[in-house]
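Student: Can you walk me through this one? I'd like the pocket, the core and the charged pairs.
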Amino acid sequence: MRKILIVGAGQSGLQLALGLQSGGYEVTLMSNRTADEIRSGRVMSTQCMFDTALQHERDLGLNFWESQAPRIEGLGVSVAGPDSSRVIDWVGRLDGYAQSVDQRVKMAGWMETFAQRGGQLVIHGAAVGDLDYFSRSYDLVLVAAGKGELVSMFGRDASRSPYSEPQRALAVAYVHGLGPRPEHPDFDAVRCNIVPGVGELFVMPTLTTGGRADILFWEGVPGGPLDAFQGVKDPAEHLSLTLELMERFTPWEYARATKVELTDAGGTLAGRYAPTVRNPIGRLPGGGLVLGVADVVVANDPITGQGSNSASKCAAAYLAAIVERGEQPFDEEWMRGAFDRYWKTAQHVTKWTNAMLAPPPEHVLNLLGAAGQLQPAADRFANGFNDPSDFENFFYEPEKTSAYLASLSAN
């Protein structure tokens, strides 16, 4: 039986651990927190997962909350004008619904499942020295902890990382009491509100520890008016500031948020990081090799909502690569091949996300505007969140955008 060590108990680490466990591998999972500490802690992300990523969970029988979480059937885009009115507003329908489950719920539940199924769970914040020691006892060591000392083992890939500084300041609030959208009260949708030159507000339904809730998520251009959450420690102050900025920049969203309250004391999060692609292989002091997973090696800004989706797709790609390897060694060549398998999908996410961080060029503004009159364009843009590779066909190049819109207008 092959022995595998996974460090990090997020979406990718746990999905991979449970998948390997069901395949008969002897898996050890290291987490710096217990399930109870995760469940009672602070929110960690917004984690809206689209159909392909959700299917990876279904394939492993890990979709424990699918019947409880709100079904997100659309994705809407609004663009604010200089006077804070909406100059663009539409909703695209998703071919397969999306869902968001608070990671405090999911990761705690998955961790308990892993332990109940006989997995070895080690509660310990691993350092490089620990891995150097442990690596001698395992056939493969995977690092899925996207923050802290361990990430420093994986060098930045400058050719795939155009940004060296954070491109957005992030601020999240989980709330109860958000009113329905008057435009589409009959179904749930993620709303992307673009304030040109200032940032973006995302609003999405979720399942949290206290049931159904909604997430208010500001992405602010650094140094701009939305970059206001540094140093804000009090959750009530965080929510108050969130609403104040909504009233100023997205009054149509503020109108349904006048009665909201935080879901719990841990329902806020703020921070920033530079989008980075790293070398997938880390070298330990003793000469052993470790393979980086998901955010460790491809960390995109959350502006396109791909973090948990990418983590799920990475775990699925690595799981397949490990199973196919059989009894052969997990050497450097295999590690590069496993990452390259994941990069086939991740490259499209990185390209699209980096494009969305830049001011939109004229042809993209034309596309977003046309989607308000051409429902197929709205639907296609929305479904690109599930399969970002499709943006190659109609989004990046003005000629392809024009040809696509012309083909719709001709029908």
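Tutor: We'll take the ground rules, then the core, the salt bridges and a pocket.

Student: What should I know before we start?
Tutor: This is a predicted model; local features need pLDDT of at least 70, side-chain atom pairs count only at pLDDT 80 or more, and totals for chains, interfaces and linings use all residues. Residues are numbered from 1 along each chain as its sequence is written, and side-chain values use heavy atoms, with hydrogens and water left out.

Student: Which residues have the most contacts inside the largest nonpolar core?
Tutor: I6, L131, L142, Y318 and I322, in a core of 65 residues. Such a core is a set of buried Ala, Val, Leu, Ile, Met, Phe, Trp, Tyr and Cys residues joined through side-chain atoms within 4.5 Å. Buried means under 20% relative accessible area, exposed over 50%, partly exposed in between (1.4 Å probe, protein chains only).

Student: Which helix gives the most to this core?
Tutor: Helix 8, residues 307-325, with 8 residues. Helices here are DSSP runs (H or I, at least four residues), and strands are E runs of at least two, numbered from the N terminus.

Student: And what is I322 in contact with?
Tutor: Leaving aside neighbours within four places in sequence, I322 touches I4, L16, L20, Y25, L140, L142, F330 and W334. Contact means heavy atoms within 4.5 Å.

Student: Switching topic. How many salt bridges are there?
Tutor: The count is 25. The rule is a side-chain nitrogen of Lys or Arg within 4 Å of a carboxyl oxygen of Asp or Glu.

Student: What does R39 pair with?
Tutor: D36, with the closest N and O atoms 3.2 Å apart. Both lie in helix 2 (residues 35-39), 3 residues apart, about one turn of the helix. D36, R39 and E112 are linked in a network of salt bridges.

Student: What about D331?
Tutor: D331 bridges to R325 at 3.5 Å, closest N to O.

Student: Is R325 buried or exposed?
Tutor: R325 counts as buried because its relative accessibility is 17%. D331, at 29%, is partly exposed.

Student: Now the second largest pocket. What is its volume?
Tutor: About 340 Å³. A pocket is an open set of points on a 1 Å grid over the protein atoms alone, where a 1.4 Å probe fits, with protein on both sides within 12 Å along at least five of seven lines; lining residues have an atom within 4 Å of a point. Volume is the space filled by probe spheres set on the points, which are joined across faces, edges and corners.
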